[in-house]
Amino acid sequence: MPLNHFLILSAILFSIGAIGVLIRRNPLILFMSIELMLNAVNLTFVAFSRYLGNLDGQVFVFLVLTVAAAEVAIGLALIVAMFRARATVNVDEANSLKG
Amino acid sequence: MLRCIIIMELIIFYLFAAIAVIAALGVIALRNPVHSALALALVFVCLGAMYVLLNAPFIAAAQVMIYAGAILILFLFVIMLLAPEPESGAGALRFQRAFAIIFGGVLVLQLVAVLGNAVLPANIPSAVTTSGDVYAIGRKLFTDFLLPFEITSLLLLVAMVGVIVLAKRKSE
């Protein structure tokens, strides 16, 4: 099971996530695309960890998982606060710093 | 016997890879955010299966538990809470969608060209590779990666405090 296959799959998932970030206007789906990108990177880490015989990659994935969880929690709280202030879920309309 | 294992690995890989890519396309393309969230859950589970294929059972379990079991539930809660109407407008720039798809396509072509032709270390047979079971990961986490582990606990504390402060209603 060559390493290239896993890396190409990871690249495809990362690009799909990047396209999602650029296309969608709903901040929730924007967030989901970011999570998709993080998962693609996790796959790269684990694939390299297996093919170099080193467990450092998997421990790093564990830490990335934790940071992603914290980031999602804070990001969703921000979205809820933004929705309360403006009653819209469109990223383009959040273009002034005044809250 | 070894050929059987190799063929089985290939079949499992391609099956879960195809499902993951289709589900990822579903995440960015479906109109209803709840459908997108469910497609994302499918991506998480497929990646969990990939991790099992890569000798990482602990990471696979952690992935399904944390991502599909906690983060996704958070997403669904917020989607149900906000109940967003369907998106209007196509973006701040003209032709934003077209540019995004073109650039994304260029990105994926570049990455596939680089990674597909890369010269990579030889395939270490599965029997030799250390499996990422709980004991081995725990050992690494508490010896080599002790500082990141402690900082992560601090990060989670900060995240919890931040969420409570952000989401609290201002008491008038």
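Q: Before we start, how should I read the numbering and the model itself?
A: Residues count from 1 along each chain as its sequence is written, and chains are lettered from A and ligands numbered from 1 in the order in which they are written. This is a predicted model, where local features need pLDDT of at least 70 and side-chain atom pairs count only at pLDDT 80 or more, while totals for chains, interfaces and linings use all residues.

Q: How many helices and strands are there in chain B?
A: Helices (H or I, at least four residues) and strands (E, at least two) are DSSP runs, numbered from the N terminus. Chain B has six helices and zero strands, so the pattern along its sequence reads α-α-α-α-α-α.

Q: What span should helix H1 of chain B have, given its 28 residues?
A: The expected span is 1.5 Å times one less than the number of residues. For H1(B), residues 2-29, that comes to 40 Å, and the end C-alpha atoms are 40 Å apart, which agrees.

Q: Which residues of H1(B) are buried?
A: Buried means 20 or more other C-beta atoms within 10 Å of the residue's own (exposed is 12 or fewer, partly exposed is in between), with C-beta atoms placed from the backbone. In H1(B) that picks out Ala17(B), Ala20(B), Ala23(B), Ala24(B), Val27(B) and Ile28(B). Their cover includes H1 (3-23) and H2 of chain A, together with H2 of chain B. Across the 172 residues of chain B, 23% are buried.

Q: How do I describe two packed helices?
A: You give the angle between their axes and the distance between the axes.

Q: How many residues of chain A are in contact with chain B?
A: Contact means C-beta atoms, placed from the backbone, within 7 Å. By that rule, 59 residues of chain A touch 72 residues of chain B. On the chain A side, H3(A) gives the most, with 20 residues.

Note on methods:
Contact = placed C-beta atoms within 7 Å.
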